[in-house]
Amino acid sequence: MNDKYVIEIKKRSWKEWLLWAIWLFAEVSLFQMAIASGAELEPRAATIFWVTFFALLIAGVIVWFMRRDK
């Protein structure tokens, strides 16, 4: 009953933090542009932004999943 858990925080280089920050900024920007295009009744632009948003989101999840065991 006396189990101990250890949480380790792995160090990342400044380049990796910078790339994750750029990815997050791109995701937030695409999300905002998709919502704005939908509100302005621009369905073609909204569709392009939504597809790009989800593609970038899936790419980020795949990169995180592949690098989490490293």
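User: Before we start, what counts as a pocket here?

Analyst: Picture a 1 Å grid over the protein atoms alone. A pocket is an open set of points with protein on both sides within 12 Å along at least five of seven lines. By contrast, where a 1.4 Å probe fits but cannot get out, the set of points is called a cavity.

User: Got it. What volume does the largest pocket have?

Analyst: Keep in mind that this is a predicted model. Ten residues line the largest pocket, and the closest to its centre are Lys 10, Arg 12, Glu 16, Arg 67 and Arg 68. Its volume comes to about 260 Å³.

User: How do helix 1 and helix 2 run, roughly parallel or roughly antiparallel?

Analyst: Helix 1 covers residues 14-39 and helix 2 covers residues 43-67. Their axes come within 8 Å and cross at roughly 155°. Angles over 145 degrees count as roughly antiparallel, so helix 1 and helix 2 are roughly antiparallel.

User: How many nonpolar residues are in the contact of helix 1 with helix 2?

Analyst: Helix 1 passes helix 2 in a left-handed crossing. Among the residues that meet there are Trp 20, Trp 23 and Leu 30 from helix 1, and Phe 49, Trp 50 and Leu 56 from helix 2. The contact includes four polar and three charged residues, and its nonpolar residues number 17.

Key. Residues are numbered from 1 along each chain as its sequence is written. This is a predicted model: local features need pLDDT of at least 70, side-chain atom pairs count only at pLDDT 80 or more; totals for chains, interfaces and linings use all residues. Side-chain values use heavy atoms; hydrogens and water are left out. Axes are lines fitted to C-alpha atoms, for helices over the stretch in contact, and angles run from 0 to 180 degrees between N-to-C directions. Helices (H or I, at least four residues) and strands (E, at least two) are DSSP runs, numbered from the N terminus. Angles under 35 degrees count as roughly parallel, over 145 as roughly antiparallel, 65 to 115 as roughly perpendicular and the rest as oblique. A crossing is left-handed if the near helix is turned anticlockwise from the far one by less than a right angle, and right-handed if clockwise. Contact means heavy atoms within 4.5 Å. Ala, Val, Leu, Ile, Met, Phe, Trp, Tyr, Cys and Pro count as nonpolar, Asp, Glu, Lys and Arg as charged, and the others, Gly among them, as polar. On a 1 Å grid over the protein atoms alone, a cavity is a set of points where a 1.4 Å probe fits but cannot get out, and a pocket is an open set with protein on both sides within 12 Å along at least five of seven lines; lining residues have an atom within 4 Å of a point. Grid points are joined across faces, edges and corners, and a volume is the space filled by probe spheres set on the points.
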